[in-house]
Each structure stands twice: as structure tokens, then as C-alpha cells.
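Hi,

Here is the structure I promised to send over.

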Amino acid sequence: MAKSNKPIFWGLFAAGGTVTAFVTPALALVTLIAAMRYSPDMFTYDAIHVFAAHWLGKLVIFGIILLSLWHAAHRTRVTVHDFGVRADSLVAIVVYALAGIGTLLTLVYLLRI
Amino acid sequence: MSERQIQLEVLRYNPETDSEPRYQTYSVPCMNEWVVLDALNYVKDNLDPTLSYRWSCHMAVCGSCGMMINGEPKLACKAFIHEYTDQVRVEPMANFPIERDLVTSVEDFIAKLACVKPYLIPKSDQPVSAGAFQQSPAELKKFKQYTLCINCMLCYAACPQYGLVPEFLGPAAISMAHRYNQDSRDGGRDQRQEVIASDEGVWECSFVGACSEVCPKHVDPAGALQQVKVASTLDWYKEHLMPWMKK
């Protein structure tokens, strides 16, 4: 039996699960607060733009979006299987392609800031 | 001591005369403190000596009396009658071929267990005169929980993934590999990883978690498999991104 290459996707899935569990609720809360116009100066457009323009900011944003995307992709693949759809290869190609496109777009948009 | 009349619906199958399994219902006067195994023994002793099932210790140690009780994988010796209504359905373990009545064929599991080398493979040969291998309580704690497995196979009967993919090594075998991999006296991890880090090994697990829910000894196979996934992932990154780290 040969060792599997699944760790590529599972590693992203596990790391993404950890990141999303900690970061996503905080981001949702902050976004909600900002949307209700309770935004302190730290969350103004200009401040966030400065954060996103810095290379370290770009790296943080890229890391969070990349891991969240690949986590969601793998989660969806397994959930579709659990729902009884027996077309794993096709599902894998579709969800990972979506995550790949999302990763690429994130990279493009971040580099344009 | 109270007594209750239970309708015990048992799956029967005789490979010599039956073309397919059928159900037979026995009316059994059960004492309140009985377990389902006691009811089966009553049937065998008093109503129908042809009924076949496996059992030995009657105390959740031997792991022989695993069966589906009202559709759930249980040890018959641990399933108390007072927890059930007056209708109890008993079937052989799911996901295994039936040999006769409640007796299933377990060859597949035994072969899988053997292929993960579930025994100590010492790092180096040590003469008896060197004394025993030392192990601290902290080192023991890392794997003790996984030593409690009694090979009852309830986790295989509960695992939907094993039902779908019979090649899957399954919860108990991989947990047992993990038990020895975690043992400070052991040096066989590389050999076991070749088997359990394969597609048919731990990566077939989709973390449904049913194995841990039905485990009568609280081994938590699902937890063991997740730890194996993390360790195998770290192995993969080390082998592919840092090949110079190879031994």
C-alpha cells in the first residue's frame, strides 16, 4: 500500500478549520458592529486600506482567506459524500477548483492594492 | 425481583437450509436485571437449542457478543433489558457477512488487525540481562486508553464508511496501530505508517464519529484516527517539502 497524498488537502482543511473557528466569528462580529456604524477609527476604510496595503497585512488576509476557502471546499466534499452523492472525484475537482479560483482572485486583488 | 415478558425478535439464518435470513420471535420471561445475553441464553436453554450466537465472559471483557440490538451495535452482555420496551429486535453485526444466526464472519477484521502489526517492535535488540524497558506514567498515559480495545468490532458495525468501502482498515485496527505508535518502547511506526497512511487506511475515514459513540470501552477510536491524520500530514509535509530530513 502506497502512502496517500490526501494530506495536501487534509492539511489545508485542518489548518483552515482551526483558523476559521477562531477568526471567522470575530470577523463576523466586527463586520456586524461596523455595519451598525459603531466603527471606531481602527475600522475606518482608510485604516483598513493601510492595513491591507502593507505586505504583512496582505499576508495575514491571504492566509485567512486561503485556509477558509480550502477548509470549506474539503468540508463540502465530505458533506456531499455523507449526503449519499457517490461521485467523489467529480465533486473533488469542482470544490477544489472553486477554492483554487478563489485563492487566485484573492492573490490578484491583494497585489493590486 | 420483577419479571417482564419480552418479545425477542431474532434474525435466524441457517446456511444449509435457508436461502435468506428470516426473523423468529421468542416470548421470554425476563428478570428486570437481565441483559439481552441472558434472554438469548434463556432461549437457547429452554425454547430453541438451535439458536447460534457467540459469547463468553458475560462482563464486557471478551468482546464476543457484539450484535445489533434494536438496530444499534451493542454488546449483548451490556444491553440491559430494563432499558428496552417489550419488543427487542436482535440481529447480527451490520457490515459483516452472516455465518449462522447471530454469528458473523470476522476474517476481514482479523486480517486488517494483523496487517497493522499490533505488537511492540523494539527500537533495538536488548538482552534480557539489560532489564525491563522503562516507561514513565506520562508516557503510559499517551496510549493507555487505546489498550482498552477488546476487538468487539462494534465500531466496524457502526462505521458507515466501512459499510461503503470494505477495503477501509477501519477504526479498531488503526486505533491499535496508534496505540503502538504512541508507545515509548516501540520503534515500528515507519512500518505501520506504510499501511495506515494509505488511501485505504486512515484517509478513508470521514470523521462520522459513530465508532466512538458505540465503543463499549470508551477507547474513542475517532479521536485516535484524527491524531493519526495530523501525524500523517506532518509526515507528508516533512517527506515532500523537507526531503533532506529523511533518515
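A quick definition before the interface: a salt bridge here is a side-chain nitrogen of Lys or Arg within 4 Å of a carboxyl oxygen of Asp or Glu. By that rule there is one salt bridge between chain B and chain A, and it joins the side chains of A:Lys3 and B:Glu239 (3.0 Å, N to O).

Housekeeping: this is a predicted model, so local features need pLDDT of at least 70 and side-chain atom pairs pLDDT 80 or more, while totals for chains, interfaces and linings use all residues. Residues are numbered from 1 along each chain as its sequence is written, chains are lettered from A in the order in which they are written, and side-chain values use heavy atoms, without hydrogens or water.

Back to the interface. About 1,600 Å² is buried between the two chains, 60% of it from carbon and sulfur atoms (accessible area lost on being put together, 1.4 Å probe, summed over both parts). On the chain B side, B:Glu194, B:Trp203 and B:Trp236 lose the most area to chain A, together 32% of what that side buries. Chain B brings 21 residues to the contact and chain A 14 (heavy atoms within 4.5 Å).

Cheers
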